[in-house]
Amino acid sequence: MAQLIRSGFSGRITKSGVLGAARSMSTAWWSHVEPAAKDPILGVTEAFLADPSPNKVNVGVGAYRDDNGKPVVLGCVREAERRIAGNLNMEYLPMGGSVKMVEETLKLAYGENSDLIKDKRIAAVQALSGTGACRLFADFQKRFSPDSQIYIPVPTWSNHHNIWRDANVPQRTFHYYHPESKGLDFASLMDDVKNAPNGSFFLLHACAHNPTGVDPTEEQWKEISYQFKVKGHYALFDMAYQGFASGDPERDAKSIRIFLEDGHLIGCAQSYAKNMGLYGQRVGCLSMVCEDEKQAVAVKSQLQQIARPMYSNPPIHGALVVSIILTDPDLKKLWLKEVKGMADRIIGMRTALRENLEKLGSPLSWEHITKQIGMFCYSGMTPEQVDRLTNEFHIYLTRNGRISMAGVTTGNVGYLANAIHEVTKTA
Amino acid sequence: MASTVPPLASASIAPLQNDGLKANFKTGTSLQCTFLGKEFYKAKQSFTRTSMTVAVKVSRFNDITMAPPDPILGVSEAFKADTHELKLNLGVGAYRTEDLQPLVLNVVKKAENLMLERGENKEYLPIEGLAAFNKVTAELLFGADSAVIQQQRVATVQGLSGTGSLRLAAALIERYFPGSKVLISAPTWGNHKNIFNDARVPWSEYRYYDPKTVGLDFEGMISDIKAAPEGSFVLLHGCAHNPTGIDPTPEQWEIIADVIQEKNHIPFFDVAYQGFASGSLDKDASSVRLFAARGMELLVAQSYSKNLGLYAERIGAMNVVCSSSDAAVRVKSQLKRIARPMYSNPPIHGARIVANIVGNTELFNEWKEDMELMAGRIKSVRQKLYDGLKAKDNSGKDWSFVLKQIGMFSFTGLNKAQSDNMTNKWHVYMTKDGRISLAGLPSAKCDYLADAIIDSYHNVN
């Protein structure tokens, strides 16, 4: 074996003998790695944090803030954590995650007395919040329907595109947002549903569409469901805002219940990031309705196979918080109250923002601010107008004009309205 | 809202009796639903627009079969079902006290209580994870005064324990080194193959375990690493090889590093037991530090599952040592880009626990003591098991490998039939490759285990 002579700590190594010439630090392997583009959503917060202006406003990322602009940890969550701290051991969860948490989560989506739950027809696993749930589904879709595509609404949460792309599932789009009315382009949506090949996979936002805040009405959901049946389409619901949209979790799950009544075998991605404020804990669930218990067991086992080489088993902490809250009647009651409180504050801010803009004499219609629902308002502003908001007024939002209403407070709504008016009054 | 509700007549369902409001019909031929020869119908509640019974279509997932049970996690399930009083679970690698209880370290409890008092919020972490955690984890691994840290040449990203960190690296390899192979030891942790398969990274094995010596096949290992195409990734266990417990000596590590440099390979370390193997964090990191000190670029996955007992919190990190700080910045950005469509950002809880413990001198010292205790218990049951085997076995077989191996696991050298005998006759649960987890062995059961091993080795083929 050649002897190594290491010279100092500079990392330069020379080899004697057979192996030839001196070699400096080993070949730079990563020189061809380009810097990745900043994530359009999370990059906004980074820029916000770096801004020294005292007037800065963050209406970028969809994380709830109280009326003082502070992040909130719900009272029910604090109490659950108090019970957990230092008490429970941290042994690996099963690959499918916390059984109790999943049980409670299914009740929220499918109904307390759902027959599907009783008949054990739902394959469900704990997932890494909504992202992780969508990713598990996308990988599952690739594996078991390898020739399929996913139909994604325009617009949608930007990470949806990343998820299905990294899962190697080709994407198509369907009409959703109607820029002129700042509402739903229902006619085109239905055309797209009809024109898609039979048996296509569709991604639907169950409530509080992100980024537009535009949801179909109940009647429209029924039509969509009916047409899905005609076409034999598959519906995957992404439900990230249950309870957070109207303040009532049952009401926010209406779209899903309509599809279930019509007999669809749906998929559902759920997240507790917003409605329980557990953002950083990464708690969610992916469920898939199957024909029978046997199939549900098989599907669940395959979902676990996908999770195992990704992260082995999901994180426990958030799951414990969720199951403690949902299985304690008092804590659950408190949660429902707190989630309604958050939804109400946002609805109040929508009203305030619209009224402020109207008072300023804006030539434009801002009706959509109060018609849209959930955390986000699709303002209709152009990227150039958004850039002005950021550069001139230190207001941070994504360039598609999406305002996170959760970041609006009584303290900044006037400033925000004024700034929006300034950049749009000559539109 | 300016939208039209399409009339029902335009719905294309054929053939059907579409008589408007109360239609009973089957869906068209494309949706004909037969399953096991029966047709399924769902009873429908009536809406104002129509009332209908429609066949639930056959699920497109109808052909999905049960996935095979996980070989490792399946062992625990079988153990739970066993009612025999002498049963022993030497399956999954989770530490147990002498009383066979899982252990939450006191430092962890203290850290959690501190966190609770502080009342920190639960906002999303950045995609790369908690900055305070990333800083301390890289320092723990490389040493705070190491050149790679001082020169900011390490891209560190918080990952979902070891598995998640390995998966990030695998995706990076697939994206930037398409076609490059990863060489993994024969044997290795079962999930390594799954990770590279799902990431579509080709792999092949290098010889590692020598059944004749129940030790390291060093020549085979070196030869296979040399034979691999230049620029391959070589997956190495930093310490306490899983499943064998067999580690190269320091001298052997030097030679492995020589060969890797010679062939322009990239070392890829999986460090799941730092501190847990010998009891010393620094000692267990010496293989990684040896490579880093040579100026090599390398990948290192870390996990805090075992050494801090944070199994279910899923806390670990992927570190990529680059030749320049600029490259490190770029690599980090690409790791983030891979993480975002997987889980967006990692879970906070475990990261905060680690950062709090390592960042507090008192807690850090207490943790180091805990690790010595855990490693110490394992060393002492190894000794007791060896003593039992030596005393009870008259065949002259050399059982010293039990003492030479290190960490939670021991490769007993038992084959599948012998391992089955361990379970079926002696109610000792282990994996079929002959691996036992010493973390699950109380000293009171060492003699029983020795009997079981001797019986299986000599009397079963």
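Which helix of chain B is B:Arg377 found in? Select B:Arg377 and you will land in helix 13 (residues 361-392) of chain B; helices here are DSSP runs of H or I with at least four residues, strands are runs of E with at least two, and both are numbered from the N terminus.

Before going on, a word about what is on your screen: this is a predicted model, in which local features need pLDDT of at least 70 and side-chain atom pairs count only at pLDDT 80 or more, while totals for chains, interfaces and linings use all residues. Residues are numbered from 1 along each chain as its sequence is written, chains are lettered from A and ligands numbered from 1 in the order in which they are written, and side-chain values use heavy atoms, with hydrogens and water left out.

**Stop 1: B:Arg377**

Stay on B:Arg377, which is buried with a relative accessible area of 10%. Buried means under 20% relative accessible area, exposed means over 50%, and partly exposed is in between (1.4 Å probe, protein chains only). Now show B:Tyr95: its side chain and that of B:Arg377 are joined by a polar contact of 3.3 Å. A polar contact is a pair of N or O atoms within 3.5 Å; within protein, one must be able to donate a hydrogen and the other to accept it, and residues adjacent in sequence count only if both atoms are side-chain atoms. Leaving aside neighbours within four places in sequence, the residues in contact with B:Arg377 (heavy atoms within 4.5 Å) include B:Glu98, B:Leu438 and B:Pro442.

**Stop 2: B:Asp270**

Next, select B:Asp270 in strand 8 (residues 266-271) of chain B. B:Asp270 is buried too, with a relative accessible area of 8%.

Zoom out to chain B as a whole and you have 16 helices and 13 strands. Of its 461 residues, 62% are buried.

**Stop 3: where the chains meet**

Show both chains together. The contact takes 113 residues from chain A and 118 residues from chain B. The area buried between them is about 10,200 Å², with carbon and sulfur atoms giving 58%; buried area is the accessible area (1.4 Å probe) that two parts lose on being put together, summed over both.

Pick A:Arg143 and B:Asp198, whose side chains meet in a salt bridge (3.0 Å, N to O). By rule, that is a side-chain nitrogen of Lys or Arg within 4 Å of a carboxyl oxygen of Asp or Glu, and five salt bridges are found across this interface. Then colour helix 11 (residues 293-311) of chain A, which gives the largest share of chain A's side, 12 residues.

**Stop 4**

Finish with helix 6 (residues 158-166) of chain A, whose buried residues include A:His160, A:Ile163 and A:Trp164. Not counting residues up to four places away in sequence, A:Trp164 touches A:Phe137, A:Ile150 and A:Leu236, among others.

In the largest nonpolar core, of 142 residues, A:Trp30, A:Trp164 and A:Ile325 touch the most other members. Such a core is a set of buried Ala, Val, Leu, Ile, Met, Phe, Trp, Tyr and Cys residues joined through side-chain atoms within 4.5 Å. Helix 13 (residues 329-359) of chain A gives the most to this core, with nine residues.
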